[in-house]
Amino acid sequence: MPLLAIETTCDETAAAVITRDRVVLSSVVASQDELHARWRGVVPEVASRAHVERIVPVIDEAVSRSGIAKTELEAVAVAVSPGLVGSLLVGLAAAKGLAAALEIPIVGYDHIAAHLYACRLAHGASGIYPCVGLVASGGHTSLFHVKSPLELERLGGTIDDAAGEAFDKAASLLGLGYPGGPWIERAAVGGNPKAHRLPRPLANDRERLDLSFSGLKTALRYLVRPPGAPADTPPPTGQRLADLAASFQQAAVDAILAKVELALDRTGCRSLAIGGGVTANTLLRESIEQLGRRKGVAVFIPPRSLCTDNAAMGAIAWERLARGENDGLELDVLPGTDRSAARRNALRR
Ligand code: KG4
Ligand code: ZN
């Protein structure tokens, strides 16, 4: 019997029904992009409230499209970290309610590990593990040594903005829409990626697997509006816009590629898996394929629909169920928090 996976870590309300054989019977994603577009970034309170409104219809839609009855579900899986706490709590409350009502196990899963599991879901397990894993999304940009779906050793990652955040801010600077990645990608078509010299921060540092995007973002800002230019300088248009978008995109991809290559060299892994919203980017996907060919490394790339946030990647919960793990209704979005100490301190005050 299948499980129901729930995803509400950030600004997508998603649910999916997945069989033990990792067949996705249904996957429903309700995007909140239009709610956050005017702020050009996710507003946590707006996100939580939208999840509250949407979670039940999204779950019902996923179950209905799957062709099975709720009573046939074997377990409920829910992304419990990392994420916006208000958003996470909505998914967790829904998952606990269902698990209690149906008297079935509840299993929490890690959203980042799930992004990489999208590769396993799309391509099967054969040949993936151990691998280097790149997760590049709006909230995270990290490299892992992935020994198995649930065993991820973090090798490094961004020391400031996430790659997706940089795309979102770059789009905003260029007067484009939200989320920025797809806008930059479209604006870059026909642009010259060498038109503007933009930095690839930390890319030449072979000592560290850290990445940085804030300097790239600032460099773009000064190209768009040089120091002293009036605040109401209109955003670029036409060929200048295309060149700026292409130059930014190339710099961001180069910076990521440099560290992916270093991670492959350090670990000696013969395979590479990627995931997260930014990995929907065509230039990044093609560059990763090229890197794989050049280094003789097998490359696993999920289809675009599994790159941005979705609940189908919650199929990773089957890996925990296979180990006999069940979190029960004690499942928490702040694991490791010493609640009793917090309560004692609160009472003392
Ligand atoms: O994984 P995701 O859906 O949510 C998080 O877990 O953060 O990633 C969303 C991020 C946004 O910053 C968005 O601009 C970026 O992924 N993104 C892209 C593309 N599509 C989405 N970045 C570059 N190119 C794209 N085609
Ligand atoms: Zn994500």
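**View 1. Residues around ligand 1 in the predicted model.** Ligand 1 is surrounded by 21 residues, and the closest are Gly 138, Asp 168, Glu 185, Gly 277 and Asp 309. By residue class, the shell around ligand 1 is made up of twelve polar, six nonpolar and three charged residues. The space that ligand 1 takes is the largest pocket, and the elements giving two or more residues to the shell are helix H4 (111–123), helix H5 (163–173) and helix H6 (180–187). Of the shell residues, four come from H6, which is the largest share.

**View 2. Distances between oxygen atoms of ligand 1 and polar atoms of the protein.** An oxygen atom of ligand 1 lies 2.8 Å from a polar backbone atom of Gly 138, a residue that is also listed among the closest to the ligand. For Gly 139, the distance from a polar backbone atom to an oxygen atom of ligand 1 is 3.1 Å. With His 115 the contact involves the side chain, where an N or O atom is 3.3 Å from an oxygen atom of ligand 1. Taken on its own, ligand 1 has 550 Å² of accessible area, and the protein covers 91% of this area.

View 3. The peptide bond from Tyr 129 to Pro 130 is cis, with an omega near -5 degrees, and Pro 130 is placed in the loop that runs between H4 and strand E6 (131–136). Tyr 178 and Pro 179 are likewise joined by a cis peptide bond, for which omega is about -10 degrees. Pro 179 belongs to the loop between H5 and H6, and these two helices are among the elements that give two or more residues to the shell around ligand 1. As background to this view and the next, most peptide bonds are trans, and most residues other than glycine have a negative phi.

**View 4. The backbone at Arg 40.** Although Arg 40 is not a glycine, its phi is positive, at about 55 degrees. Arg 40 is located in the loop between helix H1 (33–36) and helix H2 (44–66).

Technical notes
Residues are numbered from 1 along each chain as its sequence is written. Chains are lettered from A and ligands numbered from 1 in the order in which they are written. This is a predicted model: local features need pLDDT of at least 70, side-chain atom pairs count only at pLDDT 80 or more; totals for chains, interfaces and linings use all residues. Side-chain values use heavy atoms; hydrogens and water are left out. A residue is near a molecule or strand if one of its heavy atoms lies within 4 Å of it. A polar contact is a pair of N or O atoms within 3.5 Å; within protein, one must be able to donate a hydrogen and the other to accept it, and residues adjacent in sequence count only if both atoms are side-chain atoms. Accessible areas come from the Shrake-Rupley method with a 1.4 Å probe; for residues, only the protein chains shown count as cover. On a 1 Å grid over the protein atoms alone, a cavity is a set of points where a 1.4 Å probe fits but cannot get out, and a pocket is an open set with protein on both sides within 12 Å along at least five of seven lines; lining residues have an atom within 4 Å of a point. A molecule sits in a cavity or pocket if more than half of its atoms lie within 2 Å of its grid points. Ala, Val, Leu, Ile, Met, Phe, Trp, Tyr, Cys and Pro count as nonpolar, Asp, Glu, Lys and Arg as charged, and the others, Gly among them, as polar.
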